[in-house]
Each structure stands twice: as structure tokens, then as C-alpha cells.
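Here are my notes for a first look at this one. Have the model open beside you and go through the points in order.

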Amino acid sequence: ILGILIFGIGIYFGQKQISHNYNQFVEIPAFISDEEILGREAGSYSEDLYYDEAFAPSVVFYSQKKVNFFSDGDLGLLFEKEKPFLIITKQWRLDQSKIPEENYKLIKQDRDKLLIYKNAGILNKDLDN
């Protein structure tokens, strides 16, 4: 009985240790952030890039562009500009600011973030591909 009890305790603590270190033994694909995916895509366009959160050094790094931060206020103010631009934002911000879908083109989406192009003339890169 003592042997079975020691074996059971060993299995219990061994299982906890294995589950704790599972990621070290099993190869799990690395997490890639929204900012990296959308920032890399935005870097292939020449238009100005806006990001609607207060600070994201990863967007600056992966896009290799000057990033304008637009975290406060209504996106409608930004969309009143004549000049075309790119923005990384969330759908609820577009809905809250009442930006009609005909005023922008979705370039790429990752999780809850969108990379959109504000329509104003011809793009330097074909968005339909």
C-alpha cells in the first residue's frame, strides 16, 4: 500500500511538472502580433500611416515608416482630409465615428484590427490583388 501511495504521489507531481514545462518539449508556432502583420503590409505602400492607439513601437519597426498616432477623438476628423492615407484601427472605431464603407478600402485584417486605405484617387499598389 505504501508503494502504491508513493507511486500515486509521484504521478501527481510529475503530471504537474510535465504540464508546466509542456511548451519547452512540444514545438508550438510562435505568436505573431497584429501590429507585425499589418505593419509589414502597410510598409509596402507609400501613403502616410496612422495608428489609432497611443503607442506601438512594433508598428513603427515593422512598417519602417513614420507612424502618426491618432488615439483620441473622432476618426471622422481624420477622414475629412483630402490626402489618401492608411490607418490601422478597429471596426468599432469606424462604426462609432460613422465612417461609411465607401470612404475606405479594407487592405488586410488580423484578429480585431484592420489596415484600411482612405479612398482618394489611385493607389500606388493594386488593392484588388
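In what order do the strands of the open sheet lie? That is point 2; a word on the ground rules comes before it.

1. **Ground rules.** This is a predicted model, so to speak of local features we need pLDDT of at least 70, and side-chain atom pairs count only at pLDDT 80 or more, while totals for chains, interfaces and linings use all residues. Residues are numbered from 1 along each chain as its sequence is written, and side-chain values use heavy atoms, with hydrogens and water left out.

2. **The sheet.** The order is β2-β1-β3-β5-β4, an open sheet of 5 strands with mixed pairing. Strands (E, at least two residues) and helices (H or I, at least four) are DSSP runs, numbered from the N terminus; two strands pair if DSSP finds at least two bridges between them. At the edges sit β2 (67-69) and β4, each of which pairs on one side only. On average, neighbouring strands of this sheet are turned by 25° against each other, direction ignored. Such angles run from 0 to 180 degrees between N-to-C directions, with axes as lines fitted to C-alpha atoms, for helices over the stretch in contact.

3. **The β4 and β5 pair, and α3.** β4 and β5 run antiparallel, joined by 6 bridges. Within this pair, Asp110 stands opposite Lys113 in β5. Helix α3 packs on the sheet, where it touches β1, β3, β4 and β5, and its direction makes about 140° with that of β4. Touching, or contact, is meant as heavy atoms within 4.5 Å.

4. **What α3 hides.** Look along α3 and you will find Asp34, Glu35, Glu36, Leu38, Gly39 and Ala42 buried. Buried is under 20% relative accessible area, exposed is over 50%, and partly exposed is in between (1.4 Å probe, protein chains only). The cover over these buried α3 residues includes β1, α4, β3, β4 and β5. Asp110, in strand β4, has contacts here too: leaving aside residues up to four places away in sequence, Asp110 touches Ser33, Asp34, Ile37 and Leu38. Asp110 counts as buried because its relative accessibility is 14%.

5. What does Arg111 pair with? Its side chain meets that of Asp34 in a salt bridge, at 2.7 Å, N to O. Arg111 lies in the loop between β4 (104-110) and β5 (113-118) and Asp34 in helix α3 (residues 34-42), so this pair ties together parts 77 residues apart in sequence. The two partners are worth a click each: Arg111 is partly exposed at 45% relative accessibility, whereas Asp34 is buried at 8%.

6. The structure holds 9 salt bridges, each defined as a side-chain nitrogen of Lys or Arg within 4 Å of a carboxyl oxygen of Asp or Glu. Glu53 takes part in one with Lys90, with the closest N and O atoms 3.6 Å apart. Since Glu53 lies in the loop between β1 (48-51) and α4 (57-63) and Lys90 in strand β3 (residues 85-90), the pair ties together parts 37 residues apart in sequence. Glu53 also bridges to Lys113, closest N and O atoms 3.8 Å apart; this pair links the loop between β1 and α4 to strand β5, 60 residues apart. Through shared partners, salt bridges join Glu35, Glu53, Lys90, Asp112 and Lys113 into one network. Of these, Glu53 is partly exposed at 26% relative accessibility, and Lys113 is buried at 8%.

7. **Two nonpolar cores.** A nonpolar core is a set of buried Ala, Val, Leu, Ile, Met, Phe, Trp, Tyr and Cys residues joined through side-chain atoms within 4.5 Å. In the largest, which has 13 residues, Leu49, Tyr51, Val59, Leu86, Ile88, Ile107 and Leu115 touch the most other members. α3, β1, β3 and β5 each supply at least two residues of this core. A second, separate core has 12 residues, including Tyr50, Phe85, Ile87 and Ile116.

8. **Two positive phi values.** Gln64, in the loop between α4 and β2, has a phi near 55°, a positive value in a residue other than glycine. Gln64 is exposed, with a relative accessible area of 63%. Lys98, which is not a glycine either, has a positive phi of about 55°. Lys98 lies in the loop between α6 (91-96) and β4 and is exposed at 71% relative accessibility.
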